Structure formats: structure tokens, C-alpha cells
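Hello,

Here is the structure I promised to pass on to you. Have a look at it first, and my notes on its charged side chains follow below.

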Amino acid sequence: MIVQKSCNLSVYLGTSVVFPCHVPPHLLTEDLKVEWKRIRRNSETLVHLYEDGAESQQQDYQDRAHFFTDHIKHGNFSLRLKKLRVGDEGEYTCTVYNKRECVFSAKTNVVLDFYVTEKYVPLGSSVVLPCQVDKSLLQKSLKVEWRRTRRTETETDSETLVHLYEDGESRPEKQHKDFHRRAHFSNKKIKDGNFSLRLKKLRAEDEGVYRCEVYRDEECVFSTDTEMKLVLTVEPCLHTPVPLGSSVVLPCYKDKPSRMEDLKVEWRRTDLEDPVNLYEDGESRPEAQQQDYQDRAHFFTEEIKHRNFSLRLDNLRAEDEGEYTCTVHSGLSQNHT
């Protein structure tokens, strides 16, 4: 039995994630039943079901929720959820029944947050979007507009007036109604040229790019953008036992966009010279792998364009124990996980 130590992950909407559930071998019987359920706002939904050797799922999860079918015989009932949506937040529980008795369970909590200026901000809280203007620009004719631009299902780009400062005062009557009583300047800081916007009681609908534009005599003399991007923070069990002979997914997600033509991803084990797996020049490089991992360590190739560099390690052996590191090189920069 190998123990996988898990940490919180943040993944973008539209990408995929794996919720771990590894059933000990002695519990694998012919009458085994495995349920994945989601609890959200006191409402329970059956996400995926394995019973009598067959799989079924709730309609909202069709073509999105999958087991690693080839690894069920090894007790791997981890759930891979694709094309993540806002509505996927909640507590996911894998429950294993043997003769109608619950014999095993594992939980993963999924929380919706914002990613703003390299920080995670929970829904319902407040955030400050920066806009600092040089004092030399301050005069009566100064006008400051905060607008939000976002893509919607019906429009390519939709622009909304979030806040307006004109004629020496804020003009809340011109705000879009969605931002009434939620978007404010700090009037005491305006004299210093600080037109940063405080946005309260954050909602999922607030996602988008926020632009502060400063006009003097009808001419734009300053602008700055801040993006508020929704992410799902995944909080799995701290320690997940994984049976030998089974498979496991080691997570690696990169927050910032990468130049695909410069992309290089290395998975290494700290005590080995050769990489566990390598992605370079647009493809996996099995010839560079450490020999013991050939045909066992795989990327989710179709997910790499979504900055998901997680590694699936099959047919686990006792010798696989160790510390694994994912390094993502993009141009001159690199990130470790």
C-alpha cells in the first residue's frame, strides 16, 4: 500500500480534474457497489454509479464523469471530471458498499474561488482592484471609468459600467444595477490619485476583465486592467491509500498561460537521474523516460492545452515510493509543483 499525500489544487473552469478513490484489494468482491455523490446546498446528486459490473451516471455528468475503467479491477474508482463548470462545486463522496454495507469512503471538497492578481479570493468576500493615477493628472475635468468586459454564451464581448467618477464625485446612479452598493472608491484616497475599486460580496457573475480608464479633457491619459478569473479549488483527503498494482494520478496544474511552442514538462523522482516522464516539442518523449516507468507513466495529452500536466502512474510497485516533482518550463520561466 502506497500513501499519496494530497494538497489543495486550483483548476480553471473548462479543464478537468481527478477525485481520488482507491479501494483496498480485500474489499473487491463480485457484489461491489461504488457511488460517487455530490452534496451542494443540502441537495444530494448521484454523479456516477458502478454496480453489477456496469456504470451509469446522472444526466448533467454524461460524457463528463468517468472512471479509469481498465483499472477498476485494481480497486481504482477515482473519478475524472471533465469540462468543469460553476455548478460543479460541492462535496464529492466516493462510497463503497459490500452486501449493502458501507465498507469504505473518500471525500473531496470543491470550492469556487476567484483568481485575482495572483491571489485566491473566495466568493462572498471583497477584493480591491488597483488603479493609481499620478497626482499631476488630478483636476476638475478628470473622469474615471471602471468597466468590466467578459465573454458570454450569447455575446462575444459584453461591457458593463461598474463605477464612474465625474465632476469631482462618484456617480452611483450611472452604475449597472448589478454593482449598486457593491462597487466603491475610498473617497479619502482620491486626493492621492488612488481610484482603486473595492468590490464587495463577490458573485460568480462578476468574472471578467476590469479596466480603469482615466480621462482628462475627454482624452484617455491612463488605463489599467485586472482580470478576475473563476477557479475551482479542489480539497482532497490529506492522505489517500493506493493499493499496489493500482494506478494513481499525480496532479500538476499551471495557473498562467504558456507558449505551447516553448513548452517543456518534466516529471522527476528526486532519487532518479532520468525523468519519470517528459513532454517536449509538442509530444511525450518515452525514449527519455527512466526505464522502470516506460509504458506505466502517462500524461493526459488532450488536457495539456488546458495547462493540466498531471501524470497517471499505472501498475504501482513498492519501488515507486518517493517524492515526485513536476517542473513546467515555458520560454525562460519555470514552475515547480
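In strand E6, Ala-54 is the bridge partner of Glu-51. Please keep in mind while reading that this is a predicted model.

That bridge belongs to an antiparallel pairing: strand E5 (residues 43-51) and strand E6 (residues 54-57) are joined over four bridges. The hairpin formed by E5 and E6 has two residues between the strands, and Asp-52 takes a positive phi there, near 55 degrees.

Together with Glu-30 and Asp-31 they gather on the surface in a patch of negative charge. Glu-30 comes from another part of the chain, the loop between strand E3 (17-19) and strand E4 (32-40). Is Glu-30 buried or exposed? With a relative accessible area of 84%, Glu-30 is exposed, because anything over 50% counts as such.

As you know, side chains of opposite charge can pair when their charged atoms come close.

- Arg-211 and Asp-225 meet through their side chains in a salt bridge, at 2.6 Å from N to O. Arg-211 lies in strand E18 (residues 208-216) and Asp-225 in strand E19 (residues 219-236), so this pair ties together parts that are 14 residues apart in sequence. Arg-211 is partly exposed, at 37% relative accessible area, and Asp-225 is partly exposed too, at 39%.

- Asp-271 and Arg-269 form a salt bridge with an N to O distance of 2.7 Å. Here Asp-271 is exposed, its relative accessible area being 51%, whereas Arg-269 is buried, with a value of 9%.

- Lys-143 is in a salt bridge with Glu-145, and their closest N and O atoms are 3.6 Å apart. Glu-145 has a relative accessibility of 11% and therefore counts as buried, since the limit for that is under 20%.

- Lys-33, Glu-35, Lys-37 and Glu-44 are linked with one another in a network of salt bridges.

Terms used:
Residues numbered from 1 in each chain as written. Predicted model: local features only at pLDDT ≥ 70, side-chain atom pairs only at ≥ 80, totals over all residues. Heavy atoms only, no water. Patch = residues over 30% accessible without salt bridge, like charges linked within 9 Å, V, L, I, M, F, W, Y side chains within 5 Å. Areas by Shrake-Rupley, 256 points an atom, 1.4 Å probe, with all protein chains shown as cover. Salt bridge = Lys/Arg side-chain N within 4 Å of Asp/Glu carboxyl O. Lys, Arg positive; Asp, Glu negative; His and termini not counted. Charge placed at Lys NZ, Arg CZ, Asp CG, Glu CD. Buried < 20%, exposed > 50% of the residue type's maximum accessible area, 1.4 Å probe, protein only. Pairing = 2+ DSSP bridges.
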